[in-house]
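Dear colleague,

I am handing over the structure we spoke about, together with some notes on what came out of going through it. Please look at the sequence and the model before reading on.

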2 protein chains.
Amino acid sequence: MRNLSMLIDFYELTMANSYFEHNKNEEAVFDLFFRSVPDEGGYAVMAGLEQAIQYIQELSFTQKDIDYLRGRNLFSEGFLNYLKDFKFTSSVYAIKEGTPIFPNEPVLTVQGPIIECQLIETMLLLTINHQSLIATKTARIVAAAKGRAVLEFGSRRAQGYDAATFGARAAYIAGAVGSSNTITDRDFQIPAIGTMAHAYVQSFDSEYDAFLAYAKTYPKDSVFLVDTYSTLGSGVPNAIKVYQDYLKPNGYTLKGIRIDSGDLTYLSKKSRELLDAAGLTNTKITVSNSLDEYLIRELVEQGAQIDAFGVGERLITSKSDSVFGGVYKLSALKENGQWVPKMKLSDNVVKTTNPGVKKLFRLFDKTTNNAIADVVTLDHETIDDTKPFLLFDPNFPWKQKQVKNFRVESLLEPIFIQGKLVYKKPLLKDIRAFHQAQMATLWDEVKRFENPHPYYVDLSQDLWKLKQQLIEQYSKKA
Amino acid sequence: MRNLSMLIDFYELTMANSYFEHNKNEEAVFDLFFRSVPDEGGYAVMAGLEQAIQYIQELSFTQKDIDYLRGRNLFSEGFLNYLKDFKFTSSVYAIKEGTPIFPNEPVLTVQGPIIECQLIETMLLLTINHQSLIATKTARIVAAAKGRAVLEFGSRRAQGYDAATFGARAAYIAGAVGSSNTITDRDFQIPAIGTMAHAYVQSFDSEYDAFLAYAKTYPKDSVFLVDTYSTLGSGVPNAIKVYQDYLKPNGYTLKGIRIDSGDLTYLSKKSRELLDAAGLTNTKITVSNSLDEYLIRELVEQGAQIDAFGVGERLITSKSDSVFGGVYKLSALKENGQWVPKMKLSDNVVKTTNPGVKKLFRLFDKTTNNAIADVVTLDHETIDDTKPFLLFDPNFPWKQKQVKNFRVESLLEPIFIQGKLVYKKPLLKDIRAFHQAQMATLWDEVKRFENPHPYYVDLSQDLWKLKQQLIEQYSKKA
């Protein structure tokens, strides 16, 4: 990754310089979490960790950066020297990419000198917010497609170059089978997919000539765009004719057709009939045209004869909800060698943060392997899965439920320990497979598009008590 | 800019290779245009041209790219050699950045060998679509703020790194006065803005201590975040106290406060009263918290005492409409030395393209300097502003209007001529000033948020006739 150390909110630098000047660089803990799932969904998907790691590994400030900062006449030479010699020494824990994640649980925590914690805030949020947004959206689209292939086709409508590239990466994690973007094939081995645009068809004297020319160049990979003039009137018939005139006599088949406009249910059904009648029962039908999970669900319900969905702008920008609202909040500060829990009170109870140095566990039913709940605990706690565990809703603590016959997993993996990378970055295809397996642990009720059942993210008794104490204490102060 | 030649839809490469193999590389003209304005607005703002130029200037394929492509077993060695030696030889015309632009007019055209035209499609669309989206959104937000400052604060919620960076650039063009993003100050001289987060306040023993510490570091730049505990109960009083205890005695003033939560109308009014009562009539009030043009309009209407709006996720992702739908369509092909106009018919009349090699003119009323209409003509036409000109609506050709007393401007500037850059890239601040001046030429009716009056984009008689002929001709074919 290129050096993005200056992609940083300016206030991180003004705060850091002020800390530095006040000789205030005690250890802190910051939690990265989000408060609600985009599209009012029941789950989100963690993504972007690999790029966040890369950013931290390469974090350094160049002479150009220092010169620019000096020119702002705000920063001390001492601080500028600190930046020049910057070395990351903090610890980072994070949930693995591909994991379903839920509101109000820490998905990443940073523990280290407060200046370091602050300096990496912007890029951590930007990286995790973006990729988790696209992974979450794609997971919904893949679910709607019910086993049919989802192709990421959005590069031209993405919000910038990285959105096209890392968006395709996130989409692949969440189940897309390939992307129109070539760079992610070169760099991430995400299969690049594509054949022809309308301009190709138009540039020949006839549609037939265009298909024939394409078939001659790619006899094994003949996928024709059939809606330039009229899908059923000319496109599919010409595709079949090129199959009969050229592909079949040369021992090839017609691999597929793509429909990019019109009523996709009707056109796909009629196209299927025409293809089948010509003996082309294995020819695949791909459709595209402003698709998203809602349209795909309807097409599937209507029995459209579609093998693959090319999904563009509504996936790559998460159009129906284009923001993943991850935040990064101080939760503890070391004072005189002791961790002091910190919390942000808010007029809005929902926005009150969880204080302290924390851990996160997921409980799975041993019989069904379904995820039962996540539990946020304080650092000294563990959950013993040989004993029954009492879950309770932090907002309604009288709502309690005892769970038995479960296994427990700790979700926050050590990534950096005191500056040293200790995490072995998995291969992208393994992240993708892991995501698929994890999705299978969620109840269908949680995965529903409309009014999904809220997945439980509970607090341990100790954490809950600490939170109540602090609320009381802070309220007195204010 | 880094090498992004492989950020290309795979079909551009398969088409290009097929053209190459068929020895088919005649000159073509492609138009980049869009069909509707985001947010159902009355105008969009052109942005991204500088990066599009940079991309084209640096377009080349590395050995790594060639090796990757060879590995796909689809491309001929001849084509791979062509890519290895690639040299851009086409001509590009485009509307200047900052200009208000309208649906169905060419905002950029490329004329050159069809392979070249095709190879640059994805990056042209991606670049112009993204920056025009953010510039358009920002122009709306700036309009709503009615002269109050708009600060771009969205980096952490942007869709990737380039979205943060080039989004801030586009926002600046459209009138934002600065950005939280530091990299755009270093690289584009867009003022980076920011002071402190809640964590800074929380990390001190008290809010007063935090403000005092900040004031000591930045006595000339003391802007305090006042809502960590209670804006009116402690934040503003502590800010005033630090002014009285430290800033005033040392000859400084309190530069500003920022409110990031709560009812911004009420809190800003009450804060203003408190500040004024303390003699701090020049202390500025900045607010932030999920703002957009609609919320800002309401705050302004309610008489909120706000000097600056920090606008984050809803600007940087254009949340209410996150896609700018630019398309890139073949409009002419040279056959035996003659331009043959091409058009894409569609079941949907609105999607039928404008054929031929074209020009674009904007007519301004000489008295008011208001933009009257844009007129798309064929290449051989000019508009003589010493004579009356007959406008007519291409969808309702009987609706006609004669205009007099106008001046005419040609909107498509030559950028590259046969591969050579002939355009002098303006300074960003000049683009910003140009945008402001151009916005003043639009009728308020066009700039309205709800049901804006459609700005006229008309066709010349000759272009209209050509289009009718082709529709007839194509319909017979199909």
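Into which domains is chain A divided? In this predicted model, chain A falls into domain 1, made up of residues 10-134 + 323-477, and domain 2, residues 137-316. Their C-alpha centres lie 39 Å apart, and the two are in contact through 21 residues of domain 1 of chain A and 25 residues of domain 2 of chain A.

On the record: an unreviewed UniProt entry carries the annotation "domain: Nicotinate phosphoribosyltransferase C-terminal", which covers residues 358-467 of chain A. In the model that span is 21% helix and 41% strand, and its end C-alpha atoms lie 12 Å apart.

How are the two chains related? Chain B can be laid on chain A by a turn of 180° with a shift of 0.0 Å along the axis, leaving an RMSD of 0.0 Å. The two copies are thus related as by a two-fold rotation axis. The same surface serves both copies, since 99% of the contact residues of chain B recur in chain A.

Next, the strands of chain A. Strand 14 (residues 358-365) and strand 15 (residues 371-378) of chain A run antiparallel and are joined by seven bridges, with R362(A) having D374(A) of strand 15 as its bridge partner. Five residues lie between these strands in the hairpin, where N369(A) takes a positive phi near 65°. Strand 15 of chain A also pairs with strand 21 (residues 456-459) of chain A, this time in the parallel sense and over four bridges, and there V375(A) stands opposite D458(A). Is strand 15 of chain A enclosed by the rest of the structure or left open? Eight of the eight residues of strand 15 of chain A are buried, so this strand is largely enclosed by the rest of the structure.

Two further loop residues of chain A deserve a look for their backbone angles. Most residues other than glycine have a negative phi.

In chain B, seven strands form an open sheet in the order 13-12-1-5-3-19-20, with antiparallel pairing. Strand 13 (338-341) and strand 20 (420-421) of chain B stand at the edges, each with a single partner strand, so one side of each is left without a neighbour in the sheet. Strand 19 (residues 413-417) of chain B is joined to strand 20 of chain B by two bridges, and I417(B) stands opposite K420(B) in strand 20.

Finally, the core. The largest nonpolar core holds 300 residues, and those touching the most other members are L108(A), F224(A), F309(A), L108(B), F224(B) and F309(B). Leaving aside neighbours within four places in sequence, F224(B) is in contact with residues including M196(B), F211(B), Y214(B), V242(B), L254(B) and I257(B), and also with R258(B).

With best wishes

Terms used. Residues are numbered from 1 along each chain as its sequence is written. Chains are lettered from A and ligands numbered from 1 in the order in which they are written. This is a predicted model: local features need pLDDT of at least 70, side-chain atom pairs count only at pLDDT 80 or more; totals for chains, interfaces and linings use all residues. Side-chain values use heavy atoms; hydrogens and water are left out. A nonpolar core is a set of buried Ala, Val, Leu, Ile, Met, Phe, Trp, Tyr and Cys residues joined through side-chain atoms within 4.5 Å. Buried means under 20% relative accessible area, exposed over 50%, partly exposed in between (1.4 Å probe, protein chains only). Contact means heavy atoms within 4.5 Å. Two strands pair if DSSP finds at least two bridges between them. Copies are superposed by least squares on the C-alpha atoms of residues with pLDDT of at least 70 in both. UniProt positions are given in the numbering used here, feature names are shortened, and annotations may be inferred rather than shown by experiment. Domain bounds come from an automatic or database domain assignment.
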